[in-house]
Amino acid sequence: MTTLVDVLTSAATLGALLFEGANNRRFEAKVRQAFTTDALMIVSATQALAISPAHGQDSPEYDAVKQEVEEALSAMRAAIPGDGSTVHAARLEAVQAAEALKRATVKPGISVL
């Protein structure tokens, strides 16, 4: 069973790896900007999950979330400067990881005054 801490640790690693790609001058400027945007998306989704986890501290529900994040980590590690298909795969996996993090986050209720 995966713990919330496992998911958050993997997500933090993904965010850091995306920021690393954003600072890697071997990637084109537009790719670096895209990696920055993706990194901020992951950081935001990670923060929201840390504040409002939908499944407590440990749950089998986190297994799929961690799997998505790990796939994004693998894709980001495989991204090659100048190779559009590997960059596209890394970005796609990052978006899917962010969506998985969001699905594991409690949605705020609507306040009626």
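Predicted model: local features only at pLDDT ≥ 70, side-chain atom pairs only at ≥ 80, totals over all residues.

**Exercise 1. Work out how the reach of helix α3 compares with the expected span, and find what covers its buried residues.**

Solution. 
- Step 1: Locate the helix. α3 runs over residues 61-78, which gives it 18 residues.
- Step 2: Compare the spans. From its first C-alpha to its last, α3 reaches 27 Å, close to the 26 Å expected at 1.5 Å a residue.
- Step 3: Look for buried positions. In α3 these are Y62, V65, V69, A72, L73, A75 and M76.
- Step 4: See what lies over them. The cover includes the helices α1 (4-22), α2 (29-51) and α4 (84-103), and also β1 (2-3) and β2 (58-59).

**Exercise 2. Find the aromatic pair and decide whether it is stacked, tilted or edge-to-face.**

Solution. 
- Step 1: Count the pairs. The structure holds one aromatic pair.
- Step 2: Check the geometry. The ring centres of F27 and F35 are 5.2 Å apart and the planes stand at 90°, so the pair is edge-to-face.
- Step 3: Check the surroundings. F27 is buried at a relative accessible area of 6%, and F35 is buried too, at 0%.

**Exercise 3. Decide whether T86 is buried or exposed, and list its contacts beyond neighbours within four places in sequence.**

Solution. 
- Step 1: T86 sits in helix α4.
- Step 2: Apply the cut-off. Buried means under 20% relative accessible area; T86, at 18%, counts as buried.
- Step 3: List the partners. Leaving aside those neighbours, T86 is in contact with A75, A78, A79 and I80.

Conventions. Residues numbered from 1 in each chain as written. Heavy atoms only, no water. Helix = DSSP H or I, 4+ residues; strand = E, 2+ residues; numbered from the N terminus. Expected span 1.5 Å × (residues − 1). Buried < 20%, exposed > 50% of the residue type's maximum accessible area, 1.4 Å probe, protein only. Contact = heavy atoms within 4.5 Å. Phe/Tyr/Trp six-rings, centres within 6.5 Å; stacked < 30°, edge-to-face > 60°.
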